[in-house]
Amino acid sequence: QVQLVESGGALVQAGGSLRLSCAASGSNLLINAMGWYRQAPGKQRELVATMTSGGSTNYADSVKGRFIISRDNAKNTVYLQMNSLKPEDTAVYYCNAVLRRSPWDTLRNYWGQGTQVTVSS
């Protein structure tokens with residue numbers, strides 16, 4: 001069974017920083033990519049940042065230059081360093097992993113339960 005456990009969400013003032021963490025647990029996981037998405041009230045879930053196992057990254061335009069995604073492949077953990085936070089960054093942030101549970105498994109998407117980030121003005 002695969003679980004993604006997130007941590008680090010909080011209430012922070014505009015201009016502040018937060019670091020989110022997400023650890024994937026399970027046996028013999030073959031992870032292609034991990035990343036972060038967010039969903040604000042009344043809006044669709046959107047990509048924030050992703051990173052492949054090879055280190056390639058993809059960022060939403062709205063967070064480029066402010067957020068940094070990183071991974072510890074040995075720990076199956078992904079981090080999101082969020083700097084210069086703005087009120088419009090307020091959302092539930094979801095961890096995502098694209099992985100196989102074995103070399104013969106189908107590539108699947110897995111999601112964490114979400115962690116709330118609130119940025120006050």
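**Entry 1: Gly 16**

I looked up what Gly 16 touches: Met 82, Asn 83, Ser 84 and Leu 85, not counting residues up to four places away in sequence. Contact here means heavy atoms within 4.5 Å. I placed Gly 16 in the loop between β2 (11-13) and β3. Strands are DSSP runs of E with at least two residues, numbered from the N terminus, and helices are runs of H or I with at least four. Is Gly 16 buried or exposed? Gly 16 counts as buried, because its relative accessibility is 18%. The cut-offs are under 20% relative accessible area for buried and over 50% for exposed, with partly exposed in between (1.4 Å probe, protein chains only).

**Entry 2: source notes**

I note that this is a predicted model, in which local features need pLDDT of at least 70 and side-chain atom pairs count only at pLDDT 80 or more, while totals for chains, interfaces and linings use all residues. Residues are numbered from 1 along each chain as its sequence is written, and side-chain values use heavy atoms, with hydrogens and water left out.

**Entry 3: the sheet**

I followed an open sheet of four strands in the order β1-β3-β8-β7, with antiparallel pairing. Which strands stand at its edges? They are β1 and β7 (67-72); each has a single partner strand, so one side of each lacks a neighbour in the sheet. From one strand to the next the twist averages 15°. The angles are taken between N-to-C directions of lines fitted to C-alpha atoms and run from 0 to 180 degrees.

I then went through the pairs, where pairing requires that DSSP finds at least two bridges between two strands.

- β1 (residues 3-7) and β3 (residues 18-25) run antiparallel and are joined by five bridges.
- β3 and β8 (residues 77-82) run antiparallel and are joined by six bridges; Ala 23 has Thr 77 in β8 as its bridge partner.
- β7 and β8 pair in the antiparallel sense over six bridges; Ser 70 has Tyr 79 in β8 as its bridge partner.

**Entry 4: Glu 6**

I found Glu 6 in strand β1, opposite Cys 22 in β3. Glu 6 is buried and has no salt bridge. A salt bridge would need a side-chain nitrogen of Lys or Arg within 4 Å of a carboxyl oxygen of Asp or Glu. How far away is the nearest side chain of opposite charge? That side chain is Arg 45, 7.7 Å away; Lys and Arg count as positive, Asp and Glu as negative, and His and the chain ends are not counted.

I checked backbone nitrogens beside the Glu 6 side chain. The one of Cys 95 lies 2.5 Å from a polar atom of that side chain, and the one of Gln 113 lies 3.1 Å from a polar atom of that side chain. Residues touched by Glu 6 include Trp 36, Tyr 93, Tyr 94 and Gly 112.

**Entry 5: positive phi**

I note that most residues other than glycine have a negative phi. Asn 28 is not a glycine, yet its phi is positive, about 55°. Asn 28 is in the loop between β3 and β4 (30-39) and is exposed, with a relative accessible area of 65%. Ser 84 is not a glycine either and has a positive phi of about 50°. Ser 84 is in the loop between β8 and β9 (91-100) and counts as partly exposed at 42% relative accessibility.

Conventions: A polar contact is a pair of N or O atoms within 3.5 Å; within protein, one must be able to donate a hydrogen and the other to accept it, and residues adjacent in sequence count only if both atoms are side-chain atoms.
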